[in-house]
Amino acid sequence: MMGTEPASLESLRVLHQSDDYIVVDKHWDIRIDSKMWYEKHTVQAQLRHRFPQLADPSTYYGFRFCHQLDFSTSGALCVALNKAAAGRAYRCFRDRTVSKAYLALVRGWVEEETQTLDFSIGKNTSEGKTHMMCIGGTECCENPKPCQTELTVLEYGLYDGDPVTKVLLQPLTGRTHQLRVHCSAIGHPIVGDFTYSLGADDAPYRMMLHAHLLHIPLEPQPLLVSAGDPFLPAVDPKWLPQRSLRTLTATVEALLEHRVEEDRKIKEKERERTRKKEERRRGSAAQRTEGDSEEQTRRCQEWLSEWAGD
């Protein structure tokens with residue numbers, strides 16, 4: 001389990017490895033990749049150090065990252081080891097069939113135990129804040145797009161004496177900083193989020209956001225990986241749970257069951273569309289055949305008439 005120590009070149013934790021993919025547990029204070037010479041510790045550098053034989057010289061970074069995690073976010077990160085594998089994963093992300101769930105500690109006690117956070121998010125064009133995102137309708141919010149996040153309360157407790165809530169966050173869309181902005185929008189910013197607290201929340205050793213679950217419905221074998229739970233008193237004694245509403249295991253199982261049911265409905269609709277399309281095609285072909293038969297009959301009758309006249 002990842003602790004409170006900073007990242008190092010040797011601290012790469014591998015959660016899954018196959019011929020096509022590696023899933024790592026990204027550390028909480030490390031970038032995925034960087035073009036800057038002074039960025040010595042990146043996931044890309046860790047992968048090159050651990051798996052030099054797997055680096056692809058035809059790519060800029062040597063490895064194909066299937067998705068992104070913020071510098072301060074830890075957890076499951078999928079890396080494709082070849083172009084074909086990257087393409088299969090990309091199509092799943094593009095079609096929004098990937099399931100992701102994040103653990104977070106947020107400031108205050110969240111009263112509504114399950115809720116859908118539905119705020120459009122755009123780029124903040126305010127001077128000095130262009131690296132931030134913002135909620136649609138606020139001043140200087142450029143090109144806001146619809147975003148949704150499912151929030152489920154797991155536990156109430158204290159962090160360093162202050163009230164906090166442990167939540168599971170499921171992004172239904174994939175906008176930059178979506179979870180951080182949505183939590184801040186409901187008045188419960190993520191503990192240790194230096195950026196969206198405007199530098200005020202700087203006491204915790206990290207931002208308390210962790211990519212716990214990643215499910216990519218690849219064929220024939222889906223990829224399902226869990227990156228554990230770093231928000232435990234054994235890891236960080238400043239976190240003191242007081243009241244549990246539901247377990248992480250049961251909540252994730254329910255999430256996955258819901259995802260399976262949604263996928264089943266999608267496939268059923270797709271089969272129905274295909275069936276109707278085939279029926280229309282056959283109907284059109286039958287009409288053409290019938291039309292051709294009528295035309296042939298007409299011509300035959302004309303020919304017989306002319307022949308009888310001779």
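Strand β10 (residues 148-159) is mostly covered, with 10 of its 12 residues buried. Buried means under 20% relative accessible area, exposed means over 50%, and partly exposed is in between (1.4 Å probe, protein chains only). Strands (E, at least two residues) and helices (H or I, at least four) are DSSP runs, numbered from the N terminus.

This is a predicted model: local features need pLDDT of at least 70, side-chain atom pairs count only at pLDDT 80 or more, and totals for chains, interfaces and linings use all residues. Residues are numbered from 1 along each chain as its sequence is written, and side-chain values use heavy atoms, with hydrogens and water left out.

Two strands pair if DSSP finds at least two bridges between them.

| Partner strand | Sense | Bridges | Residues opposite each other |
|---|---|---|---|
| β6 (residues 114-118) | antiparallel | 5 bridges | D118 and Q148 |
| β11 (residues 162-171) | antiparallel | 10 bridges | E155 and K166 |

β10 and β11 form a hairpin with 2 residues between the strands. There, D160 takes a positive phi near 55 degrees.

**The cores**

A nonpolar core is a set of buried Ala, Val, Leu, Ile, Met, Phe, Trp, Tyr and Cys residues joined through side-chain atoms within 4.5 Å. The largest one has 48 residues. L47, F65, L168, L169 and L209 have the most contacts inside it. Strand β5 (residues 99-107) gives the largest share, 6 residues. A second, separate core has 18 residues, including F93, L214, L223 and V225.

Contact means heavy atoms within 4.5 Å. Leaving aside neighbours within four places in sequence, L209 touches residues including Y102, L103, L169, L179, I190 and F231.

Helix α1 (residues 43-50) has the buried residues V43, Q44, A45, Q46 and L47. Their cover includes β2 (21-26), β3 (64-65) and β4 (74-80).

**The largest pocket**

Pockets are found on a 1 Å grid over the protein atoms alone, with a 1.4 Å probe: a pocket is an open set of points with protein on both sides within 12 Å along at least five of seven lines, and lining residues have an atom within 4 Å of a point. Grid points are joined across faces, edges and corners, and a volume is the space filled by probe spheres set on the points.

The largest pocket has a volume of about 1,200 Å³. Its lining has 40 residues, and K100, P171, T173, G174 and R175 lie nearest its centre. Helix α4 (248-309) supplies the largest share of the lining, 5 residues. By class, the lining has 15 nonpolar, 12 polar and 13 charged residues. Here Ala, Val, Leu, Ile, Met, Phe, Trp, Tyr, Cys and Pro count as nonpolar, Asp, Glu, Lys and Arg as charged, and the others, Gly among them, as polar.

**Loops**

D19 sits in the loop between β1 (14-17) and β2. D19 is exposed, because its relative accessible area is 74%. D19 and N82 are 63 residues apart in sequence, yet 8.8 Å apart in space, C-alpha to C-alpha.

R96 lies in the loop between α2 and β5. Its phi is near 60 degrees, a positive value in a residue other than glycine. C140, in the loop between β8 (133-135) and β9 (141-145), also is not a glycine and has a positive phi of about 65 degrees.

A cis peptide bond joins E219 and P220, with omega about 0 degrees. P220 lies in the loop between β12 (209-216) and β13 (223-226).
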